[in-house]
Structure formats: C-alpha cells, structure tokens
Amino acid sequence: MPKTVSTLTLIARGLLHPAFPALIFLVFLGIALGLQYGIKKQDRESLQQSLDSQAQLMAQRLERDFLVHVEAIQRMAQRLEANPSLSRDLWSADARNYLEDFGVYQAIEWIDDSYHIRWLEPLEGNESVIGYNVAFSPERLKALQKAQATGGLDISGVIDLKQGSKGLVIYAPVGEGPSSNGFIAGVFQMDVLASDLLNPALTDPLQVNILSDKRLVYQLNPDLTADNSFASTADLNLPTLDWSLVVTPSTHWAHNQLSGWPMVTFLVMLCMGILTSLTTLLVQLILKRNQALLKTRRELDDEITQRQSVQQDLVRLETTDTLTGLANRRFFMEDLAHTLGIADRQLRQVALIMIDLDRFQTLNDSLGHQFGDELLIKVSERLNNLSDERITIGYSGGDEFMVCQQHVENVDDVIFLLGQIKQCFADEFEVQGQRHGITATMGVAVYPQSGLDADTLLRNADIALYRAKDQGRNTYQFYTEGMQDREVTRLELDKDISQALANDEFALYYQPQLDLRDSSIKSVEALIRWNHPRRGLVPPMDFIPLAEESGRITDIGRWVVMAACKQLAAWRDTPFSHLRIAVNLSGRELDDEHIVDHIQSSLQANGVPPAQLEVELTEEIFIQNIEHNMNQLTRLHKLGVHLAIDDFGVGYSSLGYLRDFPVDLLKIDRSFITDVIERHDDAVITRAVINLAHNLGIEVVAEGVETAEQLQFLKNHRCDLIQGYFISRPVPAAELEKALRTGKLNYEVSVSS
C-alpha cells in the first residue's frame with residue numbers, strides 16, 4: 001500500500017523545490033509590471049484629463065468670443081435696419097469703431113439685396129472686393145436667401161477670401177423677408193481669428209486642429225511635434241457651424257507631464273524580487289544543507305546500528321555455522337582446547353566423538369544440494385537436543401559433526417552418549433516431502449589416553465571414524481594404538497592415486513568365465529590392479545574405497561573402460577577376438593552424465609563392437625536413484641553394451657527392477673556358492689535364482705566357484721556361466737592368452753579354446 005504524504009510534507013517539498021526562487025522572482029516581476037502599468041496608466045489618465053480640461057476651456061473661450069463678434073455684427077445690422085437712410089460716412093465711422101474695438105476683423109461689409117458688396121471698411125487693401133457677388137455658388141445663394149427670408153445668421157464657414165488667404169464671413173441680414181436691405185458681413189482671417197480667440201499661453205505647447213464636418217479646416221502650431229497618443233476633442237456650439245477642436249500636446253510637453261514613478265516603482269519591485277529570490281535560494285540552500293546533515297546523521301546512526309549488528313553477526317558467525325546453527329569448527333576447537341586445559345588441571349577425562357552420515361554423499365549427489373542442506377539442518381536439530389552444560393555439539397563441515405563430552409568418569413558415560421546419538425537417527429528424516437532413513441558412523445577419542453591436545457584428539461577421532469567405516473558403517477569405534485599407522489598408510493595411498501593415473505601405474509587382470517553349456521571361454525571379467533612403485537601390487541580393496549571417498553573413482557572407471565577397449569582392439573584378428581570383457585562401474589560413475597558418451601567414444605576410438613563390452617553394476621547401485629539409472633542403462637542398452645547385475649541376492653530391494661531394467665546377465669553372489677553343497681538353503685536360493693533368471697530370459701553367472709562339486713551342482717541346475725579360482729585366478733592378459741592357447745586351466749573338464 002503506498003504511503004500517504006501529508007499536506008505539510010508536500011508544502012515543504014514545494015518550498016524547497018529549485019524552481020521556487022524563480023517563481024518568487026516571477027511574482028515580483030509580475031507585481032512590478034502591474035504597478036508600473038497602473039501608475040503609468042494613472043499618469044496618462046491624469047494627463048488626458050488635463051488635456052481635456054484645456055480643450056474645454058479653449059472651446060468655451062472660442063464660443064464666447066465668437067458670439068461676441070456675432071452680436072456685434074448683428075447690432076450693426078439692426079442699426080442699419082432702424083435707419084435705412086444712414087449715410088455711408090456714418091456707417092463707415094461706425095464700422096471703423098468696431099474694427100478698432102475688436103481688432104480681429106479683416107473687413108466689415110454692407111451687401112445689398114442683390115448680394116453684391118457695396119460698402120467696405122477698411123477700403124485699403126480690399127478695393128478688389130467692391131461689387132463682388134458673395135452668392136458665388138448655388139450653395140452660398142441658397143444659404144443667403146434662407147438667412148434673408150428668416151432674418152437669421154449665416155456663417156460661410158472657412159472659405160478662400162477674395163482678398164486672399166482663408167477666412168470666415170458672418171452674414172447678419174438687415175431686416176427679413178421682402179423688406180430686407182441686404183447683409184452686414186464681418187470678414188475674419190482664420191490666422192487672426194484663431195490667434196485671438198485661443199489663449200496663446202495655452203496653445204504654446206499644444207497643436208490645435210479646427211475640424212468642420214470632421215475635416216481639417218485650420219491647424220494652429222502645425223510645426224509642433226505632436227504626441228498623437230494623447231488627444232482631446234471638444235465640440236463647438238457655434239451658430240450654423242459644425243466645428244470641433246482637436247487638441248494634441250507636443251511630445252516634449254507630454255514627456256514632461258508624465259511621471260518617472262512607474263519606472264522607479266518597476267525597478268524597486270524588480271530589485272526586491274531579486275533580493276527575495278536570492279534570500280529564498282539562500283534559505284533553501286541552508287535548509288537543504290541542514291537536511292543533508294540530518295540525512296547524514298541518520299545514515300551515520302543507521303551505519304552505526306548496522307555496524308553493531310554486523311559486529312554481533314560477526315561474533316555469531318565466528319562461533320556458529322550459518323547452515324546448521326551449531327558451533328563451527330573453529331569455535332569448537334577453541335572451546336575443546338579450553339576444555340582440555342580445565343580437564344588437565346582437574347584430572348578429568350574428555351571424550352571427542354566424530355560423526356559421519358552414512359550414504360549422505362550419494363543422496364546429496366542424486367537428490368541435489370538443496371536436499372543435502374535440508375537434511376543437515378534436520379540432523380543438526382536432533383543432535384542439538386543433546387547439548388547441555390557438559391555436552392557441546394559442533395559442525396565440522398560436509399557430512400561430519402563433532403561432539404565434546406566433558407567430565408567423563410568412565411567409558412560407560414561415552415557409550416551411553418553414543419547410544420543417545422544413535423537414537424537421534426532411529427526415526428526417518430522427512431525432507432522435501434519424502435522420508436529417508438539415515439545412519440551414522442562414529443569415531444571416539446578420549447583425553448588423555450588418545451591425545452593430549454585438541455588437534456591430536458581430533459585427528460585420532462577421525463582415524464577411529466575411518467576404521468569404523470571399514471567395519472561396515474552404522475557403528476562406532478574407539479581409537480586404539482596402531483590405528484594411526486594404518487590410517488597414515490591409507491592417506492598416503494589416497495595421495496598416490498592421482499600420481500598413479502598420471503604415471504599409468506594401473507593394470508587390468510582378467511578372470512575367465514566358463515560357459516557350462518559347451519565348456520568354452522567366451523568372456524572374462526576385467527579386474528584392476530595397482531602396481532605401486534614402492535608397495536608393489538596393491539589389491540582393489542585397499543584403494544577402491546579411498547577412490548570412491550575422494551571422487552577419483554570416476555577417473556579410474558574411465559581408465560578401466562578405455563583399457564578394456566584397447567585390449568579388445570589388441571585381440572582383434574587373433575584367436576581371442578571372440579572374447580567379451582566385463583568391467584565394473586560404481587554408483588558414482590553411473591551418476592556421471594557423460595559416462596555413456598565416454599564408453600561410446602572409447603569403443604569407437606578402438607573400433608570395438610559394443611557387444612564385446614559388458615558393464616557390471618551391483619544390485620545396490622541399481623536401486624539407487626532408479627529414474628536416473630534407468631535412463632543411463634537404457635542408453636547403454638541402446639548402444640549395444642551388455643548389462644550385468646553383480647552380487648545378486650545380497651540386496652534388499654524389490655525384484656521389479658529385473659523386469660524394468662534392460663539386464664542381460666545376472667551374477668549370483670559368492671556367498672551363496674561357497675556353501676551351496678553343504679547348506680540346503682543356499683542350494684534352494686541358487687536354484688531359485690537360476691530359474692527366475694531363465695524365466696526372464698536372463699543368463700546366469702555364478703561367482704566364487706572353487707571346487708569341482710560346486711561346478712557339478714551348477715551344471716546340473718543349468719547355470720550358464722561360472723567363474724572362480726577353480727577355473728582361474730585373475731591373471732594378466734599375456735597369461736590369459738597363454739592359458740587359452742594351450743587349453744590348460746585349473747579345472748578337470750576338458751575345454752576347447
């Protein structure tokens with residue numbers, strides 16, 4: 001189930017994230033940009049409001065002053081209407097007064113009812129307009145007629161004046177309708193009118209555009225560099241005119257009006273963001289440093305705890321075997337040495353017992369190392385139940401255990417303990433769902449009789465153990481004087497076996513097998529001998545068990561097969577080419593996955609037919625690891641090699657394997673043949689075995705035939721083959737050839753070779 005992360009943990013992780021200082025800087029940058037934008041917008045709005053106020057003031061001034069001029073023109077028209085007989089001189093004097101009072105008129109005119117200019121002040125500079133028809137276009141005519149009919153004003157708008165330049169004319173009708181006496185007109189030049197109507201103090205930094213019907217009709221300060229991002233429009237309320245003012249400030253004036261605070265605020269906030277981000281980064285580094293220190297502290301604490309645990313484990317490992325949980329060899333020997341020191345001071349005896357599991361190596365090889373380990377654990381548990389303050393149990397390695405018994409009063413104490421140890425193996429062991437019966441062989445050495453120090457005591461207990469193995473296993477043996485010499489001899493032979501293989505010191509002897517059906521020799525059994533350079537001829541019983549224990553039996557077996565094939569090849573094209581050689585294979589050799597391939601390659605290398613080679617295996621080997629052996633023997637049978645069961649009758653298995661295994665030959669054990677004449681039981685068993693084998697289509701060989709009576713008995717009961725000292729002892733190949741060639745063997749029946 002995933003571990004729930006708290007909100008505070010998530011917040012802490014976020015605050016310590018490398019991107020957090022950058023996020024803070026981005027926030028301050030956003031605030032700085034926002035404040036800059038807000039202040040700048042406020043400044044621009046303030047500037048725009050100021051500009052709008054000035055535009056309104058200009059418009060109001062322009063409206064007010066323009067209406068004053070309109071009223072003045074209307075008054076002149078009213079006086080002329082009231083006094084139609086007014087002389088030109090009086091009218092001119094009145095007009096000059098207006099010109100002097102206002103100072104913005106270019107001219108004041110009286111236009112008759114036919115729309116021609118009749119009177120004009122000042123005349124100087126305006127002589128060309130006398131008699132000019134102001135209704136110069138249909139639009140102007142229509143406008144003047146309307147004003148004349150209604151008595152209302154007519155303003156021409158900005159037009160090109162007859163006198164030149166652009167200007168504006170205000171027409172005030174003198175009367176209305178049919179009684180109209182023309183118009184009084186005030187002529188203005190736009191430059192003069194705009195300069196007079198607009199306050200020069202206000203217009204100096206401003207560009208003013210006068211629009212009529214949204215068209216530019218006049219521009220004040222046209223050379224000014226205007227900032228078009230600011231502009232204010234004010235509509236003018238003038239009679240008959242649709243005018244509006246567009247006021248635009250100069251770039252310099254607008255720049256001076258804008259405040260520098262937006263940039264200052266932006267820079268200040270930006271600096272604050274940078275400082276805050278750097279501060280946050282520094283705080284993060286400090287916190288991460290603290291976290292790293294705390295993590296290092298925790299790791300150091302964990303490492304200290306682990307080291308303490310490792311030290312405890314090391315102490316335990318130094319004294320305890322990891323597989324069995326018993327005291328290991330090193331600690332056991334140290335404790336034994338300490339125990340012997342105490343026993344020496346107290347004048348007590350100490351017994352050391354070496355235990356070896358019988359058939360363990362066979363089970364371990366056939367059922368696997370996992371099985372072997374589990375079996376060792378089961379054995380250790382039972383043995384450990386014997387331990388107390390006087391008994392220490394240790395594991396020596398492999399399939400060997402050690403037991404130290406302190407305070408031994410007499411040999412009965414040791415024998416009682418040996419009985420307890422044997423009782424540990426009385427019940428079967430259940431391993432991997434199967435029950436297996438295991439026995440143990442033990443060797444005993446007693447301090448001080450069998451050794452004065454731990455190493456000597458261990459060596460002598462080991463010697464006693466090997467002596468017990470020689471006596472048949474599942475027993476025990478006390479160390480006695482003379483055992484060491486025999487064991488040294490065994491160890492030297494074990495060491496010399498490797499050199500014997502390298503130096504080709506082994507030789508094959510052949511014991512012939514007599515065919516009782518025709519008194520011929522058709523097969524021989526190959527028996528290995530060792531021509532030791534110092535000890536002479538060493539019999540198999542002295543070195544084969546050593547070879548099996550050390551594992552060198554496989555190499556010896558391969559040598560025997562190859563030597564037998566070479567001998568068969570040597571007999572080719574001789575009178576002995578018909579002979580078949582039987583070789584013995586041990587259980588360890590049969591466990592070798594490559595043994596069949598080796599036999600096949602040996603036959604092929606020497607050009608020997610497989611039928612001339614016979615493989616003998618003891619009855620006990622057949623029943624060990626049946627599935628594996630069945631596969632191996634089936635491969636040998638398919639190869640064409642003869643298969644024989646040796647020592648038949650001494651096994652303890654079912655006879656079912658005779659039906660299942662591809663057996664060609666069955667050899668009756670010599671123990672039944674020795675007393676076959678004297679003992680009725682042996683005779684019955686021998687006859688039963690012969691009949692059983694024949695009923696199964698298997699040939700029978702009787703071993704250990706030493707008398708003519710035994711031979712006659714076997715012949716009478718239809719035994720197929722016999723071998724034994726009565727026929728011939730095992731002899732070298734040369735002697736066998738000589739005996740077969742001369743027809744002289746050690747039996748009384750004449751035999752043709």
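A residue is called buried under 20% relative accessible area, exposed over 50% and partly exposed in between, with a 1.4 Å probe and protein chains only. The structure is a predicted model, in which local features need pLDDT of at least 70, side-chain atom pairs count only at pLDDT 80 or more, and totals for chains, interfaces and linings use all residues. Residues are numbered from 1 along each chain as its sequence is written, and side-chain values use heavy atoms, with hydrogens and water left out.

Helices (H or I, at least four residues) and strands (E, at least two) are DSSP runs, numbered from the N terminus. Two strands pair if DSSP finds at least two bridges between them.

Strand S1 (residues 105–111) pairs with S2 in the antiparallel sense, over 4 bridges. Glu-109 stands opposite Leu-120 of S2. The two strands, S1 and S2, form a hairpin with 5 residues between them. Strand S2 (residues 117–121) is mostly covered, with 4 of its 5 residues buried. Tyr-115 lies in the loop between S1 and S2. Its phi is positive, about 75°, although Tyr-115 is not a glycine. Tyr-115 counts as buried because its relative accessibility is 11%.

A positive phi also occurs at Ser-519, near 55°. Ser-519 sits in the loop between strand S17 (506–515) and strand S18 (520–532). With a relative accessible area of 14%, Ser-519 is buried. Most residues other than glycine have a negative phi, and most peptide bonds are trans.

Cis peptide bonds were found in loops. The bond from Glu-121 to Pro-122 is cis, with omega near -10°. Pro-122 is placed in the loop between S2 and helix H4 (138–150). Tyr-447 and Pro-448 are also joined by a cis peptide bond, with omega about 5°. Pro-448 belongs to the loop between strand S15 (440–447) and helix H13 (454–470).

An open sheet is built from 4 strands in the order S7-S6-S9-S8, with antiparallel pairing. Strand S7 (215–220) and strand S8 (232–235) are the edge strands, each pairing on one side only. From one strand to the next, the twist averages 25°. Helix H2 (residues 20–82) packs on this sheet and touches strand S6 (206–212), S8 and S9. Contact means heavy atoms within 4.5 Å. The direction of H2 makes about 30° with that of S8. Axes are lines fitted to C-alpha atoms, for helices over the stretch in contact, and angles run from 0 to 180 degrees between N-to-C directions. S8 pairs with strand S9 (residues 243–249) over 4 bridges, in the antiparallel sense. Asp-235 stands opposite Ser-244 in S9.
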